[in-house]
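Hello,

As promised, I am handing over the structure we talked about. Please have a look at it first; my notes on what turned up follow below.

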Amino acid sequence: MDFTLSEEQKQLRREIIQFSREYLNDENCMDFFSREMWEEISQLGIHGVIVSEEYGGMNESFLTGAIMIEALGYGCKNNGFVFVVNNHIWVGLNLIYLYGSDLLKEKYLRNMVEGKYIGSIAISEADSGSDAFSMETTAQEKDDCYILNGSKMFISNGSIADVFVVFAKVMVDNLAQITGFVVEKAFDGVKCGQDIEKMGLNSCPMCEVTFNNVKVPKENVLGTVGGGKSLITSALEWERCYEFACHVGAMQRVMEECIRYADERRQFGKAIGENQAVSHKIADMRIKIEMSRLMLYKIACLKDKKRNAYVETSIFKVFVSESYIQVCRDALQIYGAYGYTKEYGIERELRDAIACSIYSGTNEILRNTIYDMSKISVL
Amino acid sequence: MINVVVCVKVVSANLIGRKEKVDGIYGLNPYDMYALNKVIELKKKVPCKITCLCMGKEDVKDVLVHCKAMGVDEAILLSDRLFSGSDTYATTYTLALAIKKLNYDLIVCGCEAVDGETGQVPYSLAQRLELTCIPNVEDIDTIMDQEIQVRYEDGEYMNTVAGKLPLVIIFKNFTTKTGKINLLKLKRAQSSPIIVWSAKDIEAEPDLLGQVGSKTKVCHAVNISNKKREISYIEGSSSEVSNWLEKVIQEN
């Protein structure tokens, strides 16, 4: 695997960083979803990074996609907004692109690439989080539709989404089989609850979405009836790679801010960076970033080769989330009292970071997965 | 279809507040970026073909790719060793020859470049092309039937004036923001070559190019970016103050 970036990839990265800094870092938009910023990033055209040009996308490799999302996380301090974008791309639009019928792609893909529709995924329920397959939402076949009933919880992008990829149980040969559906918010019976207040990622709205006798046309089945489990597995694989790719960029940004601060801040007649208690923290940040980046590019290369990367993405997710939290904690410590204030943005970064040890599968559940898969792996 | 030629200059990234390591070595002159943004806005209302014309080394191509990703249809780089060391006189000779090879209705310039800061090129270019020149333009109101209507600042007044094409307009403002691009356009721009014209391509007289063809010469350059700011309180008569000022200017 060769991770040497081409000149084109370097320019893409530069352009995304400049764009993010100039158009996505409005301090007044850190605590709510900004439609203006969404319009801006939609015009940039990042949503269609891996989608073919037929649907208005860029048809880029997964490695280039990883580089671009890393750059977005580096340039954009609004982690909640980056989370909205990633949800839309990797588990909304991407699933339709990879597993949807031509009809579904025609119906939704171009509008999602152009940002006219915002996508979201709905798996979790109030009583089925880590144990996702125990979901209770059902879809019953009736004439040319499925009737969807149930409630999905903690749905990121919920109140702003136009299109949901919803998973529900369908009875096939007397067996309840999980199936994916593309459900428009405009369908009768789809309701979003109040946005749930969270500790961080405030610009990404999250809510409960209920489905009450929602008629979903059969053509809106994603993949095959009963094929939902593998879709969820695939969705999580994408999520665990790309929704964490931006954190590699975010860690780099935080580290660079710490280097600047450690150089400028003087105590006892010298820059605080001259103390190893500070400089070693920054060195540890760099180690975490390098390891994370290598793993990210490796996973992206595996995906470009159409290889399964379930265990790699699980390891990556655990490592990056814990690294990101630690980097933010160390940054706060380096900044001292200033870091604890709202003004410097470090405390917000830490609040945002903490979420990533929970979403896309908690780190505890992922350690179970890694252990199970390690038992059957050989060198 | 209106053929618009936008003359742009690529400048060092640190002159426009960017970091070379992250943002690249070069960026577009902020005055030209403003002018280019205005022309791209115009293209949304009126069918235009936008051509960017730039003099510089081949390694500024990335900036022209960026221009194409913003919505420029064609980018031409005038690059030749013979062009190096051009002052504004030689520059406008070169630009004018290149423009004469193109179809043009409207020539658009920024009012100056942040490195040279002479602001002479647009006027000199208009003279060489024997075209009317409207300076201090704030915006283009309309353009139709080979006639353009622009708003320009004249002292305390904002005037609206109409002129027959072809002509040269000079935008007065600048922007330090990077122009908005589309990534798909960027990708396409990356894979389509930037046109490079040499002195031979524009049929230029070598004696009128570069340092040889320039009317002015840079004799000596001193880096003054590291100079510290100092505050001095000057007392005395007007002549004493002016003598002191003269001395400081001479010293620096």
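Let me start with helix 10 of chain A (residues 346–354), which is largely enclosed by the rest of the structure because 8 of its 9 residues are buried. Buried here means under 20% relative accessible area, exposed means over 50%, and partly exposed is in between, with a 1.4 Å probe and protein chains only. Helices (H or I, at least four residues) and strands (E, at least two) are DSSP runs, numbered from the N terminus. The buried residues of helix 10 of chain A are Ile346(A), Glu347(A), Arg348(A), Glu349(A), Leu350(A), Arg351(A), Asp352(A) and Ala353(A). They pack against helix 4 (79–99), helix 6, helix 8 and helix 9 (337–340) of chain A, where contact means heavy atoms within 4.5 Å.

Before the rest, some housekeeping: this is a predicted model, so local features need pLDDT of at least 70 and side-chain atom pairs count only at pLDDT 80 or more, while totals for chains, interfaces and linings use all residues. Residues are numbered from 1 along each chain as its sequence is written, chains are lettered from A and ligands numbered from 1 in the order in which they are written, and side-chain values use heavy atoms, with hydrogens and water left out.

Next, helix 8 of chain A (residues 310–335), where Ser314(A) lies. Ser314(A) counts as buried because its relative accessibility is 0%. A polar atom of the Ser314(A) side chain lies 2.8 Å from the backbone oxygen of Tyr310(A). Leaving aside neighbours within four places in sequence, Ser314(A) is in contact with Arg240(A), Leu366(A), Thr369(A) and Ile370(A).

On to the aromatic residues: the structure holds 17 aromatic pairs over all chains. Rings of Phe, Tyr and Trp (its six-membered ring) pair if their centres lie within 6.5 Å; planes under 30 degrees apart count as stacked, over 60 as edge-to-face and the rest as tilted. One of the pairs is Tyr108(A) with Tyr117(A), a tilted one with 6.3 Å centre to centre and 50° between the planes. Tyr108(A) is buried at a relative accessible area of 1%, whereas Tyr117(A) is partly exposed at 26%. Tyr261(A) and Tyr335(A) are stacked, with 4.1 Å centre to centre and 10° between the planes. This pair links distant parts of the chain, 74 residues apart: Tyr261(A) is in helix 6 (residues 228–264) of chain A and Tyr335(A) in helix 8 of chain A. Tyr261(A) is buried, with a relative accessible area of 10%, and Tyr335(A) is buried at 8%. There is also an aromatic cluster formed by Phe62(A), Trp90(A), Trp238(A) and Tyr242(A).

As for charges, a search of the whole structure finds 30 salt bridges over all chains; a salt bridge is a side-chain nitrogen of Lys or Arg within 4 Å of a carboxyl oxygen of Asp or Glu. In chain A, Arg293(A) forms one with Glu70(A), and the closest N and O atoms are 2.6 Å apart. This pair links distant parts of the chain, with Arg293(A) in helix 7 and Glu70(A) in helix 3 (residues 62–75) of chain A, 223 residues apart. Arg293(A) is buried, with a relative accessible area of 17%, and so is Glu70(A), at 5%.

In chain B, Lys49(B) and Glu74(B) meet in a salt bridge at 3.5 Å, N to O. Lys49(B) lies in strand 4 (residues 48–55) and Glu74(B) in strand 5 (residues 74–78) of chain B, so the pair ties together parts that are 25 residues apart in sequence. Lys49(B) counts as partly exposed, at 31% relative accessibility. Glu153(B) forms a salt bridge with Lys172(B), where the closest N and O atoms are 3.0 Å apart. Salt bridges that share partners also join Lys38(B), Glu41(B), Asp139(B), Asp141(B) and Arg151(B) into one network.

Last, Met55(B), which is found in strand 4 of chain B. Met55(B) is buried, with a relative accessible area of 19%. Not counting residues up to four places away in sequence, Met55(B) touches residues including Val8(B), Leu77(B), Phe83(B) and Leu95(B).

Best wishes

Key: Polar contact = N/O pair within 3.5 Å; in protein donor to acceptor, adjacent residues only side chain to side chain.
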